[in-house]
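Here are some notes to read alongside the model. Have the structure open as you go through the points.

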Amino acid sequence: MVIVIDALRSDHLGLYGYKRKTSPFLDSLYASGNLKKIDLSFSVAGASFAGINGILRSRIWANMGYDNFSLQQLLKDQGYAINFLVSGDHTHFYGLKSFYGHNADFNYYIDASTSQKYVVADDRIIFEGLEKIRNYRQNPSYFHFHLNSAHDAGIRLDKYKKFKPANASHLNIENYTNRYDNGIVQADDYVKEIFKNLSSKGYLQNSIVVITADHGEALGERGEFGHVKNVYTDQLLIPILIYDSDSYPYKNTNFATSLDIAPTIVDRLGLPIPESWEGKSILRKTNRAYTFHQMGEDYAVINHKENAKYKYVYNSKTHQQELFELNSDLYETKNIIDSMDVQYVNSLRYQLTQFGLMPLK
């Protein structure tokens, strides 16, 4: 099972050290030892289309094609029932539903275009759909949820307005952050209800649940609000949380990207990981040299070098280049490119070929 909470930043969750009580349910799962977290994880892009497909197809945006083999295709081939419960209109949003599969591929599908009760981005669509899911009957099942409570366009109920002022018409850091955090409070409660519902139907036993996001959210950093802007930390930072009913050793919990989710699920199930997938299983210790991230004309390469994580950022329009060391400067306040060895910087520039860009001279 995968639960995607649109635009959720990990640093606004209590279990990642956030001081506000935005995520009591997830915090309690983590405190009980039933939830594992990746210490630092990023999406491959600051947009939903690439972020979601990165999760399900384990490929970066530059390498994405319509027929890339997906997690749900693999599981369907293994006899799993495939269920998608989405509160956005993914039928019409860039044709995302067609990337999930054909109508015949789903055992059950609901999104805002088929809801009989709620409007777009109202996460109560999820529970409208769950009412139609039968109790577990020894049939292996995959569930994919997409929640919009944390997204700026998400429908938020008054009972979750914990932090004020939260005026949607006032675009400033205080209001935007309060509205954002209220959305996380709602999403956390909805995840609790999803767990409760699936547990009562018998699906949660012997299950693996990954809770993550498609991308992050700018909360006033660099004067930006929202996402689909750039490749800085605020718009790529996501949680990767793993609920596993067995105490199973996950060996690589220090760093991951959204590309690693599908390989981890498949590896945990004891199935072979498709060679076309670009991510790595978190179950295994890996020597990951580079990860790749993209948003429009902005590109980023993260290189793990000894005890450092260097992030090279390049804009293909302005040709601006920046370099940050994320372990000491996660939110990228100090550009150190002029102080680094030229050969090393050139080696990072060469990695832009992964995006189909010619190496810079």
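1. Strands count as paired if DSSP finds at least two bridges between them. Strands here are DSSP runs of E, at least two residues, and helices are runs of H or I, at least four residues, both numbered from the N terminus.

2. A word on the ground rules. This is a predicted model, where local features need pLDDT of at least 70 and side-chain atom pairs pLDDT 80 or more, while totals for chains, interfaces and linings use all residues. Residues are numbered from 1 along each chain as its sequence is written, and side-chain values use heavy atoms, with hydrogens and water left out.

3. Back to the strands. The hairpin of β12 and β13 leaves 2 residues between the strands, and Gly296 there has a positive phi near 60 degrees. On to the next partner: β13 also pairs antiparallel with strand β14 (residues 308-315), over 8 bridges, and Ala300 has Val313 as its bridge partner in β14. That hairpin, too, has 2 residues between its strands, with Glu306 in the turn at a positive phi of about 55 degrees.

4. How covered is strand β13 (residues 298-305)? Mostly: 6 of its 8 residues are buried. Buried means under 20% relative accessible area, exposed over 50%, and partly exposed in between (1.4 Å probe, protein chains only).

5. Now have a look at His144, in strand β6 (residues 141-147). His144 is buried, at a relative accessible area of 0%. Its side chain makes a polar contact of 2.9 Å with that of Tyr142. Such a contact is a pair of N or O atoms within 3.5 Å; within protein, one must be able to donate a hydrogen and the other to accept it, and residues adjacent in sequence count only if both atoms are side-chain atoms. Leaving aside residues up to four places away in sequence, His144 touches Val2, Val4, Leu56, Asn83, Phe84 and Leu85, with contact meaning heavy atoms within 4.5 Å.

6. Which residues line the largest cavity? They are Ile5, Leu8, Leu13, Ser23, Leu26, Ile184, Ala187 and Asp188. Helix α6 (residues 173-200) gives the largest share of that lining, 3 residues. A cavity is a set of points on a 1 Å grid over the protein atoms alone where a 1.4 Å probe fits but cannot get out, and lining residues have an atom within 4 Å of a point.

Notes. On a 1 Å grid over the protein atoms alone, a cavity is a set of points where a 1.4 Å probe fits but cannot get out, and a pocket is an open set with protein on both sides within 12 Å along at least five of seven lines; lining residues have an atom within 4 Å of a point.
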